[in-house]
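Where do the nonpolar side chains of this chain gather, and which aromatic rings pair with one another? The model shown here is a predicted one.

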Amino acid sequence: MADTPLRPAPVARRGSDVDVLHGVEVHDPFRWLEDGASAEVAEWAFAHNLRTREALDAQPARARWHERLSALMGLPTVLALKVAGDRLFTLERPSGADQHVLAVRSSTDPTMPVEVLLDPAAMADDAAVAIDWFQPSADGSLVAYGLSEGGTENSVLHVMDVVSRRVLDERIPSTRAASVAWEPDATAFYYACYPEGDEYNRHIRRHVLSSAVADDTVEFDRRPTPESWPDVSISHDGRYVVIHQMVGWTRVDVHVLDRSSGVWADIIVGDESQSSFEVHGTSLFGVTTKDAPHGRVVRVDLDDPVVWHTVVDEHDDAVLGSFAVAGDDVLVVASKVAVDRIERYPLGALHGTCSGTVDLGVAAVAALDAGVASDGTVVAFAARGSFDAPVQLLRIEPSASGGSAVPWGDGHDRSALPELTVRQVHYPSADGTLIPMFIAHRADVLPSPSTPLVLTGYGGFAIAESPVWMPNLAAWCAEGGVYCIAGLRGGYEYGESWHRAGRREHKQRVFDDFHAAADWLVDNEFTSRSLMALHGGSNGGLLMGVAMTQRPDLARAVWCAVPLLDMIRFPQFLIARLWTSEYGDPDIAEEFEWVRAYSPYHHVRDGERYPAVLFTTAEGDTRVDPCHARKMAARMAEAAASQDERPVLMWQSGRAGHGVGKPASMRISEGADVLAFFSWQLGLDA
């Protein structure tokens, strides 16, 4: 432990705000910290940053963690890929780069060099410009992409000529998380955007290259709610435009425009299921949870969309997710308790038999796409990630056994990577439900009560906790620690039923699942309470807030990142009304009681012995408002006992956001802070 004494936490002025909601008094003493533009708030946050910086810089382990994370974060990794003709486009971070770059390479010849089309890090002194998304035209001659700065994700759409590298004059703002659908001749595209200054009411427009953006026509604007989220795609021949509209987190409506007649068809509307389709010929192919909670692949004939034909049956032992049509086959990602494999099926068959499986090991598929090169060759690519190595490009090669995955380009330098042992266990939650959990550690480590351990989880929004590359995990395990990832209800480890079991009125199950994970690890002597640290971000930050307030005995230290913590007022900030269908709406009396029951900010108790906690947030976060972390830090610093021994720290970054687009150098610094904090609080430096 560092010898430098920790300065006292900044005192936050206690206000008198009280709301009466559905007949209940709700006290909010630190509401003034919601105003991020206030000089008083800025001064208070600066004082917290100064205290946190002094405390973490004084830790002797920080330099070592920074060095190890620099080596791990410096390894190349892939974020996304798309096939367009003979070209494979990727969003990837080359070795040593600070940002993901937009790159292109041959989809048929692995000896051809990789060309970087755009490195956004060069556009700002602090490398805080990022490429949020990209979409090439069908022939790969043009590519549209979104740029944002300071982590905001507030994209501006640009278009580049791939051959000349010339950036065209198009500048379309308000294209956050845009989908873009190029017409076959690449002279126009459909795109998703927002009205200026509006976080909701997303709609689809059409833009003709070289025309004024003000002349773009609105092509789709039918929303069941202002929060509905339409995306757009187009058939290879340009005849059909497909709209997938997410309505909440359990429903996707699908509409198709036949451009030859101008007639819209509603493929599925109002059904509590999720579907993802693409057009082939005059049919839609894709994965749906309609009548199949684990997913099935279907064909929907556009001349009779009422009848859906099953191409690949729902699996008992796996969840079907992303897919790609590769010639006469369909490749489907099948996830068995969050571990992915790729299965191949004949496209034309009904209730088809799997013609082969690509086994990826204990890994996850980050992206999958396929296409046809100019010579008629079918090409298919996946991006594979795992706990023990960064995401790598693989080409899916057909064979008599169904296919194999071969690296496309150089492999990883494994000298910086630890040799890990990864296993998946199942433990009982409070109601007896068995919950899956990954346990990773260095191959020569035998976990015991004297082993330091980090536990994380998420449990929401139908997101499975899969074996993905996490430099913090690799660094922690390389130093002899154990890292555990719990597959809580609310996620997607067992499909849509698992998601529904942990949302809305059932949210407490998620927290019970996490508490049970920590208890099981201690009871089974993987670690002890004094050597356990917890972390989670975003919805996982809410999980951390609940863990601290419901079970302050659970662990010694907590990293609570970009968290959601005031569940009474959360819909009033940024884009948070998108999440009321997942948590509940506090404006509705019954749903108010759901969130009030666990809202962390409202359950902090004076004099409680809480774990040491590090809150991290960012001024540029346009998803979860940083006021959540500020208010919770103020309330815990006011209430917690043992402040000298178990401090409440907060770090509010400047030009950063929710995490997307954060430069590698900033990620390394944050990771070093977190692991130094854990080392300090678990007593590892001694």
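The paragraphs below take the nonpolar cores, then the ring pairs, then the charges placed over rings.

In soluble globular proteins, nonpolar side chains tend to be buried together. Here the largest nonpolar core has 78 residues. Those with the most contacts inside this core are M437, L455, L521, L534, W579, Y583 and F615. Helix α5, residues 507-523, gives the most to this core, with nine residues. Another core lies apart from it and has 43 residues, among them A61, F387, A561 and L682. Returning to W579, its contacts beyond four places away in sequence are W249, F461, L564, F570, G584, R623 and V624.

Aromatic pairs number 18 in the structure. One of them joins Y194 and W229 edge-to-face, at 6.4 Å centre to centre with 75 degrees between the planes. Y194 belongs to the loop between β11 (188-193) and β12 (203-208), while W229 is in strand β14 (residues 229-234), so this pair links distant parts of the chain, 35 residues apart. F277 lies in strand β18 (residues 275-280) and W308 in strand β21 (residues 308-312), 31 residues apart. F277 and W308 are buried.

Ring pairs also link W65, W476, F677, F678 and W680 into a cluster. The ring of W65 has the charged end of R64 over it, 5.5 Å from the ring centre. Elsewhere, K82 lies over the face of F134, 6.0 Å from the ring centre.

Definitions and conventions
Residues numbered from 1 in each chain as written. Predicted model: local features only at pLDDT ≥ 70, side-chain atom pairs only at ≥ 80, totals over all residues. Heavy atoms only, no water. Core = buried A, V, L, I, M, F, W, Y, C linked by side-chain atoms within 4.5 Å. Buried < 20%, exposed > 50% of the residue type's maximum accessible area, 1.4 Å probe, protein only. Helix = DSSP H or I, 4+ residues; strand = E, 2+ residues; numbered from the N terminus. Contact = heavy atoms within 4.5 Å. Phe/Tyr/Trp six-rings, centres within 6.5 Å; stacked < 30°, edge-to-face > 60°. Lys NZ or Arg CZ within 6 Å of the ring centre and 35° of its normal.
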